[in-house]
Amino acid sequence: MGQRPAEPTESELLVCIKCRGTGGCDADDRRPGRQLYDRLVGLALPEGTRLRAVECLQNCDHGNTVALRGPGRWTYVYGQLDAEEHADVLLEGLALYHGTEDGLIPWRQRPEHFKRNCVARVPPLGFTEPRLDPETER
Ligand code: FES
């Protein structure tokens, strides 16, 4: 059975299942990224969102890594995530993210982990570029 296509308004939580985390794999044969994904599978996602596994988000040296994205929203990449410690934080952040029109969670509302471990953010297709003043932008 193939994957269900995304609804146009859905937000996605992409979890790298190949990440080796920061502390090794301990007694569990699964990689830490897979452990995080499996933990999230067992939890209730915010309505209108979905979880997807991906192989490598190119942030391999900075712990378990995820991305949040959605139509018309900025995409955010976060690292340093621990399966036990941060699954609930991720779901809280995903709900906040999905509750915005553009993916920009107000700074004060962002989970502390999001404030300190954002790797990158990428604007949505069709974003409005900043106005550049050729006299001052040199
Ligand atoms: S293996 Fe997870 S970001 Fe590369």
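Buried means under 20% relative accessible area, exposed means over 50%, and partly exposed lies in between (1.4 Å probe, protein chains only). The model is predicted: local features need pLDDT of at least 70, side-chain atom pairs count only at pLDDT 80 or more, and totals for chains, interfaces and linings use all residues. Residues are numbered from 1 along each chain as its sequence is written, and side-chain values use heavy atoms, with hydrogens and water left out.

View 1. Helices (H or I, at least four residues) and strands (E, at least two) are DSSP runs, numbered from the N terminus. Five of the six residues of E3 are buried, so the strand is mostly covered. Two strands pair if DSSP finds at least two bridges between them. E1 and E3 run antiparallel, joined by four bridges. Here leucine 13 stands opposite leucine 68 of E3. E3 also pairs with E4, again over four bridges and in the antiparallel sense. Alanine 67 has valine 77 of E4 as its bridge partner, and valine 66 has tyrosine 78. Five residues lie between E3 and E4 in their hairpin, and glycine 72 in the turn has a positive phi of about 75°.

View 2. Buried in H1 are Pro32, Gly33, Gln35, Leu36, Tyr37 and Leu40. The buried residues of H1 pack against E1, E2, E3, E4 and H2.

**View 3. The largest nonpolar core.** A nonpolar core is a set of buried Ala, Val, Leu, Ile, Met, Phe, Trp, Tyr and Cys residues joined through side-chain atoms within 4.5 Å. The largest has 21 residues; Leu13, Val15, Leu36, Leu40, Val66 and Leu90 have the most contacts inside it. E1 (11-16), H1 (32-41), E3 (64-69), E4 (75-81) and H2 (83-98) each supply at least two residues of this core. H2 gives the largest share, six residues. Another core, of six residues, lies apart from it and includes Cys16, Cys19, Ala67 and Val77.

View 4. Cysteine 19 is buried, at 7% relative accessible area. Cysteine 56 is partly exposed, at 32%. The count of disulfides (cysteine sulfur atoms within 2.5 Å) comes to zero.

View 5. Rings of Phe, Tyr and Trp (its six-membered ring) pair if their centres lie within 6.5 Å; planes under 30 degrees apart count as stacked, over 60 as edge-to-face and the rest as tilted. The whole structure has two aromatic pairs. Tyrosine 76 and tyrosine 78 are stacked, with ring centres 6.0 Å apart and planes at 5°. Tyrosine 78 and phenylalanine 114 are also stacked, at 3.9 Å centre to centre and 15° between the planes. Tyrosine 78 lies in E4 and phenylalanine 114 in helix H3 (residues 112-116), so this pair ties together parts 36 residues apart in sequence. Tyr76, Tyr78 and Phe114 form one cluster.

Notes:
Contact means heavy atoms within 4.5 Å.
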